[in-house]
Amino acid sequence: MVEGTGRRIRRATAAEGAGESGLAKLIELHALNSFGDMLITIALASTIFFSVPTGEARGRVALYLLITMAPFALLAPVIGPLLDRLPHGRRAAMAMSMLTRAVLAWTMAGTVADGGIALYPEALGVLVASKAYGVVRSVVVPRLLPPQLSLVKANSRVTLAGLLATGLAAPLGAGLHLIGPGWPLRGAFLVFVVGTLMAFHLPHKVDSAKGEQRAVLHSDENPHGLLGHHHAPEPPPEKAGKPKAPPVKAMLRSVGPSVIMALRAVGALRFLVGFLVMFLAFLLRDDPVSSLAPTATLGIVAFAAGAGNALGSVFGSWLRTRGSEVTVTAMLLLATCAAGAAALWYSLLTVALVAGASGVAASLGKLALDALIQRDVPEAVRTSAFARSETALQLCWVAGGGLGIVLPLNGTLGLAVAAGVVGLTLLVTLRSLLRVSHHRPSARPRVA
């Protein structure tokens with residue numbers, strides 16, 4: 001039975017040319033990565049969050065966020081340029097991320113029980129390694145794209161594999177925790193050791209950087225749409241007394257107004273997700289908003305968020321490149337309405353609704369952003385654009401999580417603030433949408 005299930009999973013991951021291109025191997029690697037990260041999350045949450053009173057837990061998580069996120073915020077601007085300069089070591093970078101977490105998971109297994117200060121630097125290393133993996137993965141997917149799949153569908157498949165692995169890891173991690181607080185971490189050690197070996201089995205073309213250049217995350221809103229071309233047009237003849245025009249190559253390295261608009265919007269959605277994770281975790285522990293136990297309430301909201309994320313990945317398979325700008329704007333509108341409704345009518349139903357809506361919006365919005373990068377950014381700088389955009393989105397999650405810890409534990413206030421941030425971004429996005437719709441670049445093939 002297990003062998004038959006394994007064969008069916010392998011057939012699903014290798015469908016539509018993913019087996020021949022090597023994308024199936026990346027899907028399996030990402031599933032392992034998500035599985036191991038969930039085991040570590042369960043071990044840390046049981047020590048930092050659930051084992052102490054709410055006030056002390058909030059201080060511990062704030063310290064955890066400060067120690068782990070602040071250094072990553074400083075490192076994040078370096079990760080993109082570093083990947084630009086070391087494109088031939090992507091498999092090694094993914095393997096090193098796995099190996100680092102394997103070593104740290106084993107080390108934390110001996111210190112997690114007392115929750116001492118030594119746990120925090122180790123958690124820092126795990127988090128930075130996990131975020132670095134996420135950035136490298138976003139770069140690798142386009143290199144393994146089979147002819148039969150669009151980038152959006154490929155990313156949807158990778159994301160769904162991670163979500164399924166997370167769902168399987170959660171009950172296993174809870175069972176291991178019953179044996180002892182260090183056992184989920186020992187399980188994560190084994191998972192990441194296997195992941196280290198699997199990273200080196202990715203195709204060699206992952207390390208190829210043929211024709212790649214570095215991207216610049218700014219918008220050139222030239223109405224003639226120079227950004228959508230692989231080959232620079234001939235510059236006009238120079239006239240006497242007029243300044244020399246800037247080189248076209250520099251303009252080609254910018255990513256275009258549609259991508260910047262989508263990056264800003266998806267950044268706000270990531271901000272919302274980070275905020276809800278931190279804010280609701282403590283709010284529902286103190287105020288379950290129902291007659292249910294706090295753990296049951298948290299479980300319902302977490303399930304809604306996970307289901308929303310999965311639905312967003314499924315809907316992403318139907319995403320069309322010509323509608324990507326509208327899709328991103330619609331996701332902002334959905335998140336704003338859900339957060340506003342939860343602030344006005346604060347209850348378990350509306351809180352679960354905003355958790356599910358934020359999951360759908362963040363997942364589908366990220367896939368739309370990927371489609372726009374694939375469509376509008378020249379191939380020579382596309383890989384770099386993926387790395388830098390993913391790094392920026394990681395920082396948005398950090399900012400949202402930090403605000404979620406700082407705000408008072410008042411459901412109406414917190415959700416109103418969240419709705420305000422996303423709503424302001426929606427207004428800016430609507431303005432940008434009207435501007436870019438007049439000179440939208442032509443669609444590229446294989447995006448949808």
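## Confidence

pLDDT is the predictor's confidence in each residue, from 0 to 100. Helices here are DSSP runs of H or I, at least four residues, numbered from the N terminus. This is a predicted model: local features need pLDDT of at least 70, side-chain atom pairs count only at pLDDT 80 or more, and totals for chains, interfaces and linings use all residues. Residues are numbered from 1 along each chain as its sequence is written, and side-chain values use heavy atoms, with hydrogens and water left out.

The protein chain averages a pLDDT of 75. At least 70 is reached by 69% of the residues. Over residues 219-253 pLDDT stays under 50, and the model has 47 contacts there beyond four places in sequence. A contact means heavy atoms within 4.5 Å. Residues 441-448 are also below 50, with 33 contacts beyond near neighbours in sequence. Where pLDDT is low, the predicted coordinates should not be read in detail.

## Helix α11

Helix α11 (residues 294-316) has 23 residues. From first C-alpha to last it reaches 33 Å, close to the 33 Å expected at 1.5 Å a residue. That expected span is 1.5 Å times one less than the number of residues.

Its buried residues include T297, L298, V301 and G316. Buried means under 20% relative accessible area, exposed over 50%, partly exposed in between (1.4 Å probe, protein chains only). The buried residues of α11 pack against α7 (151-179), α10 (257-286) and α13 (348-376).

## Residue V103

V103 is found in helix α5 (residues 90-108). V103 is partly exposed, at 47% relative accessible area.

Key. Helix = DSSP H or I, 4+ residues; strand = E, 2+ residues; numbered from the N terminus.
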